[in-house]
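Here is a short tour of one protein chain. Keep the model open beside the text and find each residue as it comes up.

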Amino acid sequence: MALSLYVDTARWRAHQKSVLDQFPGLVPVCKGNGYGFGHERLADEAIRFGSDMLAVGTTYEAARIKDWFSGDLLVLTPFRRGEEPVPLPDRVVRSVSSVDGVHALVGARVVIECMSSMKRHGVKEEELGQLHAAIEDVRLEGFALHLPLDRTDGSDAVEEVIGWMDRLRAARLPLHTMFVSHLRAEELGRLQQQFPQTRFRARIGTRLWLGDHEATEYRGAVLDVTRVTKGDRFGYRQQKAASDGWLVVVAGGTSHGVGLEAPKALHGVMPRAKGVARAGLATVNRNLSPFVWAGKQRWFAEPPHMQVSILFVPADAQEPKVGDELVAHLRHTTTQFDRLVDR
């Protein structure tokens, strides 16, 4: 009995192919929990479709994935002086976001991040002149721009990249390869047309692995069902049942990421209103679970346990049976499954 991730493999791979066709030279990203699939599975997929490079989040991830993927590994977290040294093969490429970092990586393969409108990290325009001497001592794989997802000011992503291309060219820095994130295929095509001598490589994770929502589904197995009547006490805190129904124990708890939620950016009045409503219900211990039964998301009977959740299903719904599986609406990047099932 488990929290399972079901994958419609043919459909999932057809989506991967559609993304690969739109973004020639794409660098697949495998970081964090492997977008819910795990590092080993995504490394296998990258090998299957012939990628020569895989982007990972940290040096620690690179140290694990190096045994599963034999191509180049691009570490996205920028190098910092004083970081813990991690033994890595020469095929690992380090991202660097400062001139000092370039100086510290003598002999290494590096990608230099430029400061985009994300304002997260990167070398600034006024520092480009200092890069000339610095890059003499490293093996420069290219420059990179990590761009924002939303552009509420109406700015153009392509124009931002062009601006940096012009700055790099004016600083007489090599422009053979530019790694970019969060561009549409049409935008990438415009750039490639304008700069035919530069190879643009899109680093893509979410769109590649999670772009087809119908290709995957989480399900939690029902482990136990107990009938309760209004007023019965139950659970760790011995709360009272608000009405007649069933307590349903389902696989999937906090160790899987159930009940843990990453903050979301809310746009518009309705999403904000729903957020306020959910927060209000939570103050009286009413929390909606991600599990669906008989067409409705069901309420947690109490906060999820480490490996299971207890749901309340009212008496007017069909009684769940042990062995049934409940669809769970879970965020891939915060969920750990017990088993992955290809179908």
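Helix α1 passes helix α2 in a right-handed crossing. A crossing is right-handed if the near helix is turned clockwise from the far one by less than a right angle, and left-handed if anticlockwise. Helix α1 covers residues 9-22 and helix α2 residues 39-48. Helices (H or I, at least four residues) and strands (E, at least two) are DSSP runs, numbered from the N terminus. This is a predicted model, in which local features need pLDDT of at least 70 and side-chain atom pairs count only at pLDDT 80 or more, while totals for chains, interfaces and linings use all residues. Residues are numbered from 1 along each chain as its sequence is written, and side-chain values use heavy atoms, with hydrogens and water left out.

**The α1 and α2 pair**

At what angle do α1 and α2 pack? The angle is about 60 degrees, and the axes lie 12 Å apart. Axes are lines fitted to C-alpha atoms, for helices over the stretch in contact, and angles run from 0 to 180 degrees between N-to-C directions. That angle makes α1 oblique to α2. Angles under 35 degrees count as roughly parallel, over 145 as roughly antiparallel, 65 to 115 as roughly perpendicular and the rest as oblique.

Which residues meet? From α1 come T9, W12, R13 and Q16, and from α2 come R41, L42, E45 and R48. Contact means heavy atoms within 4.5 Å. By type, the residues of this contact divide into two nonpolar, two polar and four charged. Here Ala, Val, Leu, Ile, Met, Phe, Trp, Tyr, Cys and Pro count as nonpolar, Asp, Glu, Lys and Arg as charged, and the others, Gly among them, as polar. An α-helix has 3.6 residues a turn, so residues three or four places apart point the same way.

Now look at α2 alone. Its buried residues are H39, R41, L42, A43, E45 and A46. Buried means under 20% relative accessible area, exposed over 50%, partly exposed in between (1.4 Å probe, protein chains only). The cover over these α2 residues includes α1, β2 (27-28), β3 (53-56), α3 (59-65), α8 (206-210) and β18 (339-342). Just after α2, G50 takes a positive phi of about 80 degrees.

**The whole chain**

The protein chain has nine helices and 18 strands. Its C-alpha atoms fill a box of roughly 75 × 45 × 40 Å, taken along the principal axes. Of its 343 residues, 48% count as buried. Take contacts between residues at least 6 apart in sequence: 66% of them join residues at least 24 apart.

**The cores**

In soluble globular proteins, nonpolar side chains tend to be buried together. A nonpolar core is a set of buried Ala, Val, Leu, Ile, Met, Phe, Trp, Tyr and Cys residues joined through side-chain atoms within 4.5 Å. The largest one here has 89 residues. Which members touch the most others? They are F37, I112, L131, F143, L168 and W209. Helix α6 (residues 157-170) gives the largest share of this core, seven residues. Apart from it lies another core, of seven residues, including F234, L247, A301 and F312.

Pick out L131. Leaving aside neighbours within four places in sequence, L131 is in contact with V99, V102, I112, V123, F143 and L173.

E113 sits in strand β6 (residues 109-113). Is E113 buried or exposed? E113 is buried, at a relative accessible area of 3%. Among the residues that E113 touches are S95, V123, H146 and R203.

H121 lies in the loop between β6 and α5 (128-134). Beyond four places in sequence, H121 is in contact with P78, R80, S97, C114 and M115. The C-alpha atoms of H121 and T77 are 9.8 Å apart, though 44 residues separate them along the chain.

G154 is in the loop between β7 (139-146) and α6. From G154 to M115, 39 residues away along the chain, the C-alpha distance is 19 Å.

R172 belongs to the loop between α6 and β8 (177-181). Q238 belongs to the loop between β11 (233-234) and β12 (239-240). R172 has a positive phi of about 60 degrees although it is not a glycine. Q238, not a glycine either, has a positive phi of about 55 degrees.

| Residue | Relative accessible area | Class |
|---|---|---|
| H121 | 19% | buried |
| G154 | 64% | exposed |
| R172 | 72% | exposed |
| Q238 | 38% | partly exposed |
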